[in-house]
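Subject: Model handover and notes

Hello,

Here is the structure you were expecting, with the sequence. My notes follow below it.

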Amino acid sequence: MLQIKTIEEYQQAYQKSVEDPEGFWAEQAATFQWKKPWDKVLEWDFKKPDVKWFLGGKLNITENCLDRHLESRGDQAAIIFEPNDPNEKETIYTYKQLHAAVCKTANALKNLGIKKGDRICFYMPMVPELAIGVLACARIGAVHSVVFAGFSAQALADRINDAEAKMVICSDYNNRGKKHIPVKKVVDEAIAMGCDSIETVLVHKNTGDDLNWNADLDKWWHDEVDSQSEHCEAEVMDSEDLLFILYTSGSTGKPKGVVHTCGGYMVYSTFSFLNVFQYQENDIYWCTADIGWITGHTYIVYGPLAAGATSIMFEGVPTYPHAGRFWEICDKYKVNQFYTAPTAIRALMALGDEHVEKYDLSSIKVLGTVGEPINEEAWNWYNEKVGKGNAPIVDTWWQTETGGIMITPIPNVTKLKPCFATNPLPGVQLCLVDPDGNEIEGNDVEGLLCIKFPWPAILRTTYGDHERCRTTYFSMFEDKYFTGDGARRDEDGMYRIIGRVDDVINVSGHRMGTAEVENAINEHPLVIESAVVGYPHEIKGQGIYAYVIISDSVTDNEAFQKEVANVVRTEIGPIAKPDVIQVVSGLPKTRSGKIMRRILRKVASKDISDLGDTSTLLNPEIVDEIISGAGLK
Ligand code: WT7
């Protein structure tokens with residue numbers, strides 16, 4: 001597979017990918033193991049949308065991630081598992097061992113009645129069995145839907161039901177930092193809310209503490225898996241068969257299940273991994289994301305394994321048992337590529353340089369960031385303190401829907417610019433448009449970020465609701481995929497992501513719909529209406545600011561705030577907890593009844609110098625009340 005090494009190669013590859021996309025991607029795809037070659041490279045129509053890559057091709061992604069490496073690198077570490085507790089020994093899975101574990105698990109799933117096309121939901125901490133389970137699904141053609149284990153029982157139940165999953169795979173408990181988290185208890189609660197499609201709960205014994213056991217549904221992972229054969233024929237999958245569903249938030253209330261398929265996703269995840277991280281034979285690569293998010297899917301599991309890399313999987317948190325844990329792990333394994341989120345960088349930066357200075361980080365060749373814009377201060381700190389000025393930083397812009405990295409520097413090949421994601425990868429045809437959909441040409445311009453041509457890992461649909469996929473991404477501008485982000489193209493044609501232009505906020509790199517948080521807050525019996533906006537937050541990037549109207553006065557404001565936070569925790573999970581809750585008597589509304597969020601955002605950001613035109617408001621007097629209620633006057 002092409003690994004770009006010079007600027008000329010980048011330019012040539014990019015040009016070829018635009019002039020002859022089918023030829024370009026066919027060359028990349030040919031480096032994989034196919035059970036049957038494709039008949040046609042691409043068919044597409046963004047109007048429907050209908051995108052198909054490598055039509056008629058048959059493959060199994062796990063053969064490419066595992067079997068094909070057995071001869072050449074069977075004894076090389078595929079996954080190095082670093083536990084939460086640094087005094088516990090790491091677990092290493094070589095490619096041979098991982099292959100065996102995946103086959104055994106796949107056989108166990110089949111034995112439990114799972115067939116090709118069935119959906120399996122994962123609710124697990126960052127343990128090797130999560131990666132193994134996901135690959136076991138792919139082995140037999142079951143569709144995995146991993147739900148981040150920080151989500152609440154309600155959020156889990158919603159996702160199980162939307163996908164009509166037949167099985168949930170979970171752990172008993174999870175030790176994360178100092179916390180001891182009852183994981184299966186959340187699954188039990190979700191099922192008690194009504195998940196009729198669930199036939200089995202497969203429980204991985206992680207800590208071994210006492211559990212409630214439901215003999216009708218529950219089965220132990222070890223009872224089902226340990227006795228299975230290490231051989232499992234890989235299911236023949238069509239390029240366009242579903243590989244996984246991953247739920248993500250949008251500007252409307254209900255999260256949607258983004259669907260990725262086998263062929264294109266495999267090609268694009270591997271291509272982007274090899275090029276963005278410039279992974280070389282024997283390198284040790286570490287992505288700190290959770291497999292509950294797309295970053296973990298593409299850059300812990302599929303991309304690195306398909307590329308035959310050694311990938312670290314970390315169970316814990318950056319600050320446990322001390323603020324140098326990330327750097328201690330980099331030193332311990334002599335990590336060569338390190339990929340994390342700006343929010344983690346900012347949090348660690350705030351804890352002092354001494355934690356990073358203690359460790360030998362000279363092995364690091366490439367540093368990556370993902371998930372949110374990185375501010376200049378954090379970029380410089382990362383560059384100087386972690387990279388010692390020697391490791392290019394790849395600020396990678398992409399989305400759950402794009403499946404893989406889209407805009408990024410290529411280390412030691414293309415130019416870097418702090419806070420800029422810079423340039424598109426080959427195959428990515430970007431454009432900026434104005435609100436009317438006119439393409440904005442030239443440089444030194446700003447607009448809405450769209451993509452004009454399909455790339456192999458583009459989402460194919462939103463599960464169970466294709467029309468929603470069309471309206472969300474493909475109906476805004478004709479024949480373009482709309483990202484939801486605004487971006488700037490500078491004098492040199494480099495891209496800087498400004499942020500979401502829809503009602504989506506990004507809190508510590510976690511994507512959230514404001515409507516989703518509002519719906520949760522509205523579950524509180526006293527709340528009549530609420531409006532949620534993001535505001536700049538030093539560590540989280542964005543914080544959550546909630547304005548609420550209540551039906552009665554509250555005597556104990558502190559208790560009320562806690563109750564609201566708890567409702568959100570129950571409905572969504574702790575990541576969606578508001579940072580600020582302001583009780584108001586009304587919300588600024590236009591005559592058509594639309595909340596003027598611009599004003600709410602300004603107040604939340606403590607920037608009321610220019611509130612813009614408020615003359616169209618039905619209730620302009622409310623603005624002053626909100627401003628003084630926020631303590632700004
Ligand atoms: C949204 C997608 C892609 C994996 C993690 C997030 C924001 C993502 C960057 C970046 C500025 C970024 C965008 C995007 N975003 N990467 N490098 N610079 N913003 O995936 O949860 O689907 O969120 O995250 O706003 O639309 P996601």
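In these notes, helices (H or I, at least four residues) and strands (E, at least two) are DSSP runs, numbered from the N terminus, and two strands pair if DSSP finds at least two bridges between them. This is a predicted model, so local features need pLDDT of at least 70 and side-chain atom pairs count only at pLDDT 80 or more, while totals for chains, interfaces and linings use all residues. Residues are numbered from 1 along each chain as its sequence is written, and side-chain values use heavy atoms, with hydrogens and water left out.

Seven strands make up an open sheet with mixed pairing, in the order 5-4-17-16-18-19-20. Strand 5 (91-94) and strand 20 (393-396) are at the edges with a single partner strand each, so one side of each has no neighbour in the sheet. On average, neighbouring strands are turned by 20° against each other, direction ignored. Axes here are lines fitted to C-alpha atoms, for helices over the stretch in contact, and angles run from 0 to 180 degrees between N-to-C directions.

Within the sheet, strand 4 (residues 77-82) pairs with strand 17 (residues 310-314) in the parallel sense, over four bridges. E82 stands opposite F314 in strand 17.

Two helices go with these strands. Helix 11 (residues 294-306) packs on the sheet and touches strand 4, strand 16 (284-287), strand 17, strand 18 (337-340) and strand 19 (366-370); contact means heavy atoms within 4.5 Å. The direction of helix 11 makes about 160° with that of strand 16. Helix 6 (residues 128-140) lies across strand 4, strand 5 and strand 17, at about 25° to strand 5.

Helix pairs

Helix 6 also packs with helix 5 (residues 95-111), at an angle of about 65° and with the axes 8 Å apart. This crossing of helix 5 and helix 6 is right-handed (a crossing is right-handed if the near helix is turned clockwise from the far one by less than a right angle, left-handed if anticlockwise). Among the residues that meet are L98, A101 and V102 in helix 5 and I132, L135 and A136 in helix 6.

The axes of helix 7 (residues 153-163) and helix 8 (residues 183-192) come within 8 Å and cross at roughly 60°. Helix 7 and helix 8 are therefore oblique to each other (angles under 35 degrees count as roughly parallel, over 145 as roughly antiparallel, 65 to 115 as roughly perpendicular and the rest as oblique). Their crossing is right-handed. A153, L156 and A157 of helix 7 make the contact with V186, V187, E189 and A190 of helix 8.

A covered helix

Seven of the nine residues of helix 2 (residues 21-29) are buried, where buried means under 20% relative accessible area, exposed over 50% and partly exposed in between (1.4 Å probe, protein chains only). They are P21, G23, F24, W25, A26, Q28 and A29. These residues pack against helix 1 (7-19), strand 1 (40-45), strand 2 (50-55) and helix 10 (262-276).

Backbone points

Two cis peptide bonds are worth checking on screen: K48 to P49, with omega near -15°, and Y320 to P321, with omega near -5°. P49 is in the loop between strand 1 and strand 2, and P321 in the loop between strand 17 and helix 12 (325-333).

The loop between helix 10 and strand 16 holds Q278 and N282. Q278 has a positive phi of about 50° although it is not a glycine, and N282 has a positive phi near 75°. Which of the two classes, buried or exposed, does Q278 fall into? Q278 is buried, at a relative accessible area of 9%, whereas N282 is exposed, at 63%.

Regards
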